Amino acid sequence: MSKKKVRFGVIGCGLMGKEFASAVSRWCHLLDTEAEPQIVAVCDANLAAAMWFTSHFPSIRHVTKDYRGLLSLAEIDAIYCAVPHHLHAELYTAIIRAGKHLLGEKPFGIDRLANEQVLEAISERPDVVVRCSSELPFFPGGLKVYDFVRKGNVGKVIEVEAGFLHSSDLNPQKPINWKRRIATNGEYGCMGDLGMHVLHLPLRLGWKPRNVRAILSNLVEQRPEADGSLVPCETWDNATLLCEVKADSHVFPMSLSMKRIAPGHNNTWFIRVLGMEGSVEFSTKNPKELRTMLYRPGGEQAWRTEDLPYASAYPTITGNIFEFGFSDAILQMWAAFCDEVVNGPNMHQPFTCATPQEAAFTHQLFSAALESHRKGVIVNLE
Ligand SMILES: NC(=O)c1ccc[n+]([C@@H]2O[C@H](COP(=O)([O-])OP(=O)(O)OC[C@H]3O[C@@H](n4cnc5c(N)ncnc54)[C@H](O)[C@@H]3O)[C@@H](O)[C@H]2O)c1
């Protein structure tokens, strides 16, 4: 199959910028993809961060400290932007208005106002594909949960639980960084960091909370700087949101956990759907395992546990007998984005990256969650 090149600029050469570049470098892992990304330019305010890219990718012809230098380049089709949250609105709006396709990192603006600015730019450029990064539903188990529900196996929903759990912040000696400061990470704290991941599948299944009661915790109030001096650590570490969802004229509870201090958890993303006819659960803690239960009145209540084959949205060279991991999910998300850039609505499989509308709803929910916690009340979203 002849490949259609998507020429990328990367803005933000940190942790996630490198994950994207690594996915590009093993694009040969994917079978039969029409689209093929190529990194032609990189930008980072700290030029030293760009050196890893230039030493690994001979295709890079431009390196700059100023993102505007990338936007004027006609040879760039699309941009991956992975920078601190306070920069999202300025950079995303400029990228979109320059007519470049954009995969932007979550939370898609540091707050609701910033997110609205991004949405305004999107409304001016319907020709540009804009998506928000959220890779974890691309685990085969995540996609299986989605299919199980969409096929109508659940019946009346009893409840839904979803969450994303980390634990490295349990260590109070972990140094402060931009992700622990309100000025750069935002008032949402852990919700802005982890929330799009938690809500991607529920929102895609049509489960929009209509209200929320949130409890937020700031467990470690000071952290060391590089020189050892203690400075305020202002952001919320943990958030528990209890929501009501109305679907098919039936109301059910949905609880959403976003925690940076969940002892023992290391990037645990999970979703559990309990229904009167069928239940399903998946967690990246046991990345091969899918648990389902189909129930008929009076029948057995027996969970079935399946070791999932490596069955990804986009087929790869990896055999079914092997297992799937984080960098595979990143590769699959990028395959979906590039497929959509090249094929639009005729993309090869139906699960798209998170949409700007989904990201916008997370802002509505997290703003309501902040209010709920501040006032100690349930806040309506409708
Ligand atoms: N999808 C995921 O799983 C995931 C995981 C972690 C982070 N993220 C998101 O990715 C984004 C970046 O996070 P990260 O962990 O890669 O951060 P990082 O700190 O590792 O990298 C950010 C990079 O941006 C650069 N930068 C700062 N200001 C800049 C500017 N004005 N112009 C150009 N570059 C600039 C920094 O020098 C740094 O190299 C955030 O939105 C974060 O929420 C997503």
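Biologist: Where does UniProt place the feature "domain: Gfo/Idh/MocA-like oxidoreductase N-terminal"?

Modeller: The UniProt record, an unreviewed entry, puts that domain at residues 6–126. Keep in mind that we're looking at a predicted model here.

Biologist: OK, and how much helix and strand is there over residues 6–126?

Modeller: Over that stretch the chain is 40% helix and 21% strand. Its end C-alpha atoms sit 18 Å apart.

Biologist: Let's talk helices. At what angle do the axes of α4 and α5 cross?

Modeller: Roughly 0°. Helix α4 covers residues 88–97, and its axis comes within 9 Å of the α5 axis.

Biologist: So are they parallel or antiparallel to each other?

Modeller: Angles under 35 degrees count as roughly parallel, and α4 and α5 are therefore roughly parallel to each other.

Biologist: Which residues meet there?

Modeller: From α4 you have His-88, Ala-89, Tyr-92, Thr-93, Ile-96 and Arg-97. They meet Ala-114, Gln-117, Val-118, Ala-121, Ile-122 and Glu-124 in α5. Sorted by class, that contact has 7 nonpolar, 3 polar and 2 charged residues.

Biologist: And what about α5 and α10, at what angle do their axes cross?

Modeller: At roughly 160°, with the axes coming within 10 Å. Here α5 is residues 112–124 and α10 is residues 356–375. An angle over 145 counts as roughly antiparallel, so α5 and α10 are roughly antiparallel to each other. The crossing is left-handed.

Biologist: Which residues do the meeting in that pair?

Modeller: On the α5 side they're Arg-112, Asn-115, Val-118, Leu-119 and Ile-122. Across from them in α10 are Pro-356, Ala-359, Ala-360, His-363 and Ser-367. By class, you get 6 nonpolar, 3 polar and 1 charged.

Biologist: Switching topic: which residues come nearest to the ligand?

Modeller: There are 23 residues around the ligand, and Gly-12, Gly-14, Leu-15, Met-16 and Glu-105 come nearest.

Biologist: Which helix gives the largest share of that shell?

Modeller: Helix α1, residues 15–25, with 3 residues. As for classes, the shell has 12 nonpolar, 6 polar and 5 charged residues.

Biologist: Now the backbone. Is the peptide bond from Lys-106 to Pro-107 cis or trans?

Modeller: That bond is cis, with omega near 5°. You'll find Pro-107 in the loop between β5 (101–104) and α5.

Biologist: Last one: what is phi of Asp-32?

Modeller: Near 55°, which is a positive value in a residue other than glycine. Asp-32 belongs to the loop between α1 and β2 (35–43).

How values were computed:
Residues are numbered from 1 along each chain as its sequence is written. This is a predicted model: local features need pLDDT of at least 70, side-chain atom pairs count only at pLDDT 80 or more; totals for chains, interfaces and linings use all residues. Axes are lines fitted to C-alpha atoms, for helices over the stretch in contact, and angles run from 0 to 180 degrees between N-to-C directions. Helices (H or I, at least four residues) and strands (E, at least two) are DSSP runs, numbered from the N terminus. Angles under 35 degrees count as roughly parallel, over 145 as roughly antiparallel, 65 to 115 as roughly perpendicular and the rest as oblique. A crossing is left-handed if the near helix is turned anticlockwise from the far one by less than a right angle, and right-handed if clockwise. Two residues are in contact if their C-beta atoms, placed from the backbone, lie within 7 Å. Ala, Val, Leu, Ile, Met, Phe, Trp, Tyr, Cys and Pro count as nonpolar, Asp, Glu, Lys and Arg as charged, and the others, Gly among them, as polar. A residue is near a molecule or strand if its C-beta atom, placed from the backbone, lies within 6 Å of it. UniProt positions are given in the numbering used here, feature names are shortened, and annotations may be inferred rather than shown by experiment.
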